[in-house]
Amino acid sequence: MSELVLPGDSLGIHDGVPVILGPGVSCDPMTQEVIPVNAGVRHYIEKKNTVYVDYNAKRYIPAVGDLVIGTIVSTFADSYKVSLSDFSASVSLSYMSFPNATKKNRPTLQVGDLVYARVLTAEKELEAEIECMDSVTGVHAGFGLLENGMVISVPLSFARTLLFNDTFPLLSTLAQSCQFEIAIGINGRIWVSTDKIENTLACYRSLNLCAKTNDSSKFKQIIKEQFKLAANVIEE
Amino acid sequence: MSRLEVYSPEGLRLDGRRWNELRRFQASISTHAHSADGSSYLEQGNNKVVTLVRGPGEPASRGQLDGQRATLRVSVNVTKFSKFERSRTSHRNERRVLEIQTSLRRTFEKACLLHLYPRTAIDVELHVLEQDGGVLGAMINGITLALVDAGVAMWDYVAGVSVGLHDQTPLLDCNSLEETAVSTVTLGVVGKTEKLSLMVVEDKIPLDRMENVLAIGIAGAHRIRDLMDQELRKHAKNRIDNLAGKQ
Amino acid sequence: MAKDIVISNSEREFILESLRAKQRLDGRNFDEFRDVSIVFGNEYGDVLVSLGGTKVHCRISCEVTLPYEDRPFEGLFLISTEFTPMAGGQFENGNSTGEDEVLIARIIEKAVRRSGALDVEGLCIVAGSKCWAIRADVHFLDCDGGFIDASCIAVMAALMHFKKPDITVQGHSVVVHPVEEREPVPLGILHVPICVTFSFFNPQDSETNFKGQDNLEIVVTDATLKEELLREGVLTVTLNKNREVVQVSKAGGLPMDALTLMDCCHKAYEITDKVTSQIIAAIKQDYAQRDRYAAVLSSENARDATA
């Protein structure tokens, strides 16, 4: 059940029932009415009694728990500065938020390296912090340096769909054409890596084109074409 | 006023040179040994350029600090009295001067081994005391000499020269009178190679004559490189002799 | 330019690696210019040029003014290129002293104004007291590399498309006829300069670039923004259809073999030829569109040629 809502619309939440507010909704302090504040698709999860609006944006604002891909822009005495999107304030990544990190055992990342990380804190008054491990368990959890490969910038909603929607056909279609490693950042960055340049190039172009179309039935054709194109040129 | 005869039928130019002759080229280094780490004074025809190099040293601000390589800065001061008529305004912040600064910086960023001096700044300061055509080329030569004097590591010399095209004859190293009459090309040539670090054309030149002009320019730049080389070696020999004399 | 766009090492290496394999991210060949689209607005001299993802708008305006004292027989011509954050977050508002901003402005100035593309003597009305001042305002709307090439096309297309109001001189008074009253007159265009930008990449280390004889440097025509951020050298060649080099600017950067640079100039000529024809065709089409009722409205009698 998807319904388009715009700021100023009514969400149709019944009074008296306690409800958990997700992104894109707000509670008017005067009237105690729950209203949408972003334009997007309204979602209501009855089991958890949660309401949120799924909306698209181009600029990423850090939120706790998000999986992101960042580029290291500078190093400091005890932390890295990491850029999550262009022209935005950078976030910090402490040397201690790596698995097995101690005061003496420091991570060896360089300026310009890509990291897959999770947002640890995101206060709107403070610089956000990210971490390269699961800070609850202290284990590796698949975060850290992303080597080689290529990065694709996509709209935030596309990245979310790719990560959370298991029925979204793109990745399974792509997997039919080649083997690849992928990391999806909620901040609208996707990292792919394959063993051959032409495959990475084809993945890059396919993902770029697919992010631009709304029609998921076209994915198969786009991917097929791109792989054919890349393979042909390399052979020549 | 009759039209100037830029190139006479006998093959002589306004100042009596042949088409492939350079102007008088005189250079000296370590001219400002106390105020700068490297310096040169260059006369290329009537162009007079003083170049001062400071660095590699502590950068003035944190913004200039680069953890990987030295930051090179070039500032050009074209003096008010450098031309025949005194200019009323200062040339600083003129777009033309800003463009020259950028061109020079980008030329020498590649020519120097800046990655050997991380977290430092190298400041290059040029003063044009007199200009008489092809001043950009003279600036390149001045910086090359001063950087060598300062002991900054470089891959090779960069030699600058301008070439004009009069009808079908290329004229090497044009002075300002010739520059007003013909179109000129300024080249920055790397050492004894045919590689161009800088190439600037500001007036119309037939496409099919370009190759010819470039060939003459490269040959001229090689000669300038040799002249600079001679001067530097002479200077080095003096120093070595002095050392030997003291012992 | 673009100091706030962060490019990661992975991207840098991948783009270079694909260039070594003769591949560009957008699938173009190395010497392929992106498609140019030229769209005219309602008014004369109002044009929107897009070059791939780059969009540039140019608007020509004119007014009657006093000529310079030292050039009484010439009109005024000014090209204003102002960068605003509209083109991208990397551009600051009101700051036109950035290196790339200065270079772009200077190259357009040299290519169009200094080369005499516009006949400024034709702008004189009364020597020493009245002349036309033509102003070209370039607006950068979207940035995906190739600002110089796109804005040069935009300025030239707009100048060729523009028409100034007709005038009558009676002694010292000048009558400017409104466009509704009298057909306006086009400007005098002496030649059409077109800029083509080449970017250089070094697949080896800088020592082989300086000392080697192989000349393996990669030359790429009409770079996109990502390629622009990674390139090590740049050459902008301006040519016109008469095989004249109008302006060349290789402001430092990667040293390149002279023959390679000559080769670039010849490649640029082919592109210039194609783009010039495209501008002329676009203007012709636009004029035809404007005059589509001319035949109906004409009061002339159709004469039978055979009679």
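User: Before we start, when do two residues count as in contact here?
Analyst: Two residues are in contact if their C-beta atoms, placed from the backbone, lie within 7 Å. Keep in mind that this is a predicted model.

User: OK. How many residues do chains B and C put into their contact?
Analyst: Chain B gives 32 residues and chain C gives 34 residues.

User: Which elements of chain B supply at least two residues each on that side?
Analyst: Helix H1 (95-111), strand S9 (195-201), strand S10 (205-206) and helix H4 (210-246) of chain B do. H1(B) has the largest share of the side that touches chain C, with 11 residues.

User: How do the residues on that side of chain B divide by class?
Analyst: On the side of chain B that touches chain C, 15 are nonpolar, 4 polar and 13 charged.

User: What about strand pairing, which strand of chain C goes with S9(B)?
Analyst: Strand S15 of chain C, residues 256-257. S9(B) and S15(C) pair in the antiparallel sense, over 2 bridges.

User: Which residue of S15(C) is the bridge partner of Leu196(B)?
Analyst: Met256(C) is the bridge partner of Leu196(B).

User: Switching to chains C and A. How many residues does each give to the contact?
Analyst: Chain C gives 16 residues and chain A gives 21 residues. By class, the chain C side that touches chain A has 5 nonpolar, 7 polar and 4 charged residues.

User: Take Ala154(C). What does it touch beyond four places in sequence?
Analyst: Ala154(C) touches Val47(C), Val49(C), Val56(C), His57(C), Cys58(C) and Val138(C).

User: Annotations next. What does UniProt list for residues 63-131 of chain A?
Analyst: The unreviewed UniProt entry lists "domain: S1 motif" there. Residues 63-131 of chain A are 0% helix and 42% strand, and the end C-alpha atoms lie 13 Å apart.

User: Which residues of chain C carry "domain: Exoribonuclease phosphorolytic"?
Analyst: Residues 32-165 and 191-270, according to UniProt, again from an unreviewed entry.

User: How far apart are the end C-alpha atoms of residues 32-165 of chain C?
Analyst: They lie 40 Å apart, and that span is 23% helix and 36% strand. For residues 191-270 of chain C, the end C-alpha atoms are 16 Å apart, with 31% helix and 35% strand.

Conventions. Residues are numbered from 1 along each chain as its sequence is written. Chains are lettered from A and ligands numbered from 1 in the order in which they are written. This is a predicted model: local features need pLDDT of at least 70, side-chain atom pairs count only at pLDDT 80 or more; totals for chains, interfaces and linings use all residues. UniProt positions are given in the numbering used here, feature names are shortened, and annotations may be inferred rather than shown by experiment. Helices (H or I, at least four residues) and strands (E, at least two) are DSSP runs, numbered from the N terminus. Ala, Val, Leu, Ile, Met, Phe, Trp, Tyr, Cys and Pro count as nonpolar, Asp, Glu, Lys and Arg as charged, and the others, Gly among them, as polar. Two strands pair if DSSP finds at least two bridges between them.
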